[in-house]
Amino acid sequence: MIDNKFIPIVRGQSPEDVLQIANALYDGGVKVIEITLNSPKALKAIELVGDQFGSEMTVGAGTVLDSESARAAIMAGAQFILAPTVDQETIKITKRYGAISIPGAMTPSEILTAYETGADIIKVFPVTALGPKYIKDIKGPLPHIPLMPTGGVDLDNFEDYLKNGAIACGLGSSLVHSTTALNSEYLTKLSEKAKQFKWIADRYKGGASK
């Protein structure tokens, strides 16, 4: 996940469409995907992607609001759990079942609380209005906490977030459009755009620009 440097967020798609998107992302060099639980039959989608790709793609569940949902997603095959907020029980159950915990937080206090509860990575969300320098500001007093900005990250600022200390970024509509009809043209463009993000990401493997 850290090597990939970005996590595509798939939201609102049917399991069959999620599988097509996952294939297009994989063709673009992506080996990690987040499927949000507010998607139709999200648990089935997690199972389908896990069954098809096995160890070739890391599959996680997003928009996880409580510990029961986290457990269900892990049982379906989710290897990481993303949440928009800091719910301590969700963090604890995620770690109990051996998955990676990535709760969403904004302020330094929220970020520290989530990390001390057991979170592996903190999703700084929403980061749209604050921008890349906010990550650098947080890393000043909290350099030991891995941060993953999400919300408003696109090709224009992705590298800036990595430069300012993000270990990875969550990518929503800047990569996967939840309202766009799937066809061969869209899927080809998705693969090509994934390659653009990956070209940037590969320069920051190991934590520094090459």
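Me: As I understand it, a helix here is a DSSP run of H or I that is at least four residues long, and helices are numbered from the N terminus. Which helix holds both D202 and K198, and how many residues apart are they?

Reply: Good starting point, and keep in mind that this is a predicted model. D202 and K198 both belong to helix α8, which covers residues 184-202. They are four residues apart, about one turn of the helix.

Me: What links D202 and K198, and how far apart are their closest N and O atoms?

Reply: The idea is to look for a side-chain nitrogen of Lys or Arg within 4 Å of a carboxyl oxygen of Asp or Glu. For D202 and K198, the closest N and O atoms are 2.9 Å apart, so the pair forms a salt bridge. Both residues are partly exposed, D202 at 27% relative accessibility and K198 at 25%.

Me: Which other residue is linked with K198 and D202 in a network?

Reply: That would be K205, which joins K198 and D202 in a network of salt bridges. K205 bridges to D202, with the closest N and O atoms 3.8 Å apart. K205 is partly exposed too, at 35% relative accessibility.

Me: How many salt bridges does a search of the whole structure find?

Reply: The search finds eight. One of them pairs E16 with K44, whose closest N and O atoms are 3.9 Å apart. E16 sits in helix α1 (residues 15-27) and K44 in helix α2 (residues 42-53), so this bridge ties together parts that are 28 residues apart in sequence. E16 is partly exposed at 46% relative accessibility, and K44 is partly exposed at 39%.

Me: Let's turn to sheets. In what order do the three strands of the open sheet come, and is their pairing parallel or antiparallel?

Reply: In general, strands of a sheet pair through backbone hydrogen bonds, in either a parallel or an antiparallel way. Here the order is β6-β7-β8, with parallel pairing. The edge strands, β6 (104-105) and β8 (147-149), each pair on one side only. Strand β7 (residues 122-124) is joined to β8 by three bridges, and V124 stands opposite P149 in β8.

Me: Which helix lies across β6, β7 and β8, and which one touches β7 and β8?

Reply: Helix α5 (residues 108-117) lies across β6, β7 and β8, and runs at about 160° to β7. Helix α6 (residues 132-139) packs on the sheet and touches β7 and β8, its direction making about 165° with that of β8.

Notes
Residues are numbered from 1 along each chain as its sequence is written. This is a predicted model: local features need pLDDT of at least 70, side-chain atom pairs count only at pLDDT 80 or more; totals for chains, interfaces and linings use all residues. Side-chain values use heavy atoms; hydrogens and water are left out. Helices (H or I, at least four residues) and strands (E, at least two) are DSSP runs, numbered from the N terminus. Buried means under 20% relative accessible area, exposed over 50%, partly exposed in between (1.4 Å probe, protein chains only). Two strands pair if DSSP finds at least two bridges between them. Contact means heavy atoms within 4.5 Å. Axes are lines fitted to C-alpha atoms, for helices over the stretch in contact, and angles run from 0 to 180 degrees between N-to-C directions.
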